[in-house]
Amino acid sequence: MHSTHFRDEPSTSASLLARAREGDAESWKQLAQVYGPIVYGWARRCGCQAADAADVMQDTFASVAKALSRFDGGRDGATFRGWLWTISRNKIRDRARIAAEEKAAGGTAANLALMQIADAQAIDADDPPTTALADSLDARRRMIELLRQCFDQRTWQMFWETAVIGRPPLDVADEMGVSKWAVYKARARVLQRLQLEMKGLE
């Protein structure tokens, strides 16, 4: 994936969510890349077959695109994840309702299976069928993949070796011929960027 959107642009002072809310097309695409698989996983856990889960994901983000400007993360108790789950749950219910109507009209066995989603305990829950921690880690992992293109190779390697693999900064510094402070600085740059990009999404 090739993009220079992140590199040293004024928009990098805002989070991914803020840029997407302002209508930035590339940021919107990245938001879907980060959270789309999570929505897909929710749908699967609620009983959707793979193709239906993919449709739920697509339908969910079509609605998110229309409503994102109205999402208020500052409201007490409001989170992007919770808001996204509410939309996803409604889309799963919509597909179950359609399946039920098709069954009444002589639908297939596959539609009968989908119809039973409406009775699944997961779809009636206030919270998603995955934990907030698991979703956060999942989203951060994909965001890190997106951020890789934003840093030079050496900076990224110093971050990856210490923050992801867990090697001692001094060992990485010796191997790369830099001071340990250079390694700490490189790691901090990437982590700070990750924190900024994820602001409002967790």
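With 48% relative accessibility, E145 counts as partly exposed (buried is under 20% relative accessible area, exposed over 50%, partly exposed in between, with a 1.4 Å probe and protein chains only). The model is predicted, with local features needing pLDDT of at least 70, side-chain atom pairs counting only at pLDDT 80 or more, and totals for chains, interfaces and linings using all residues. Residues are numbered from 1 along each chain as its sequence is written, and side-chain values use heavy atoms, leaving out hydrogens and water.

E145 pairs up with R141 in a salt bridge, their closest N and O atoms being 3.2 Å apart (the rule: a side-chain nitrogen of Lys or Arg within 4 Å of a carboxyl oxygen of Asp or Glu). Both sit in helix α7, four residues apart (helices are DSSP runs of H or I, at least four residues, numbered from the N terminus). R141 also bridges to D138, at 2.9 Å from N to O. R141 is partly exposed at 44%, as is D138 at 22%.

Buried residues of α10 include V183, A186, V190 and L194. Among the elements covering the buried residues are α1 (16-21) and α7 (132-147). The face turned away from the buried side carries exposed W181, K185, Q192 and Q195. Just past the helix, G200 takes a positive phi of about 90°.

Methods
Helix = DSSP H or I, 4+ residues; strand = E, 2+ residues; numbered from the N terminus. Contact = heavy atoms within 4.5 Å.
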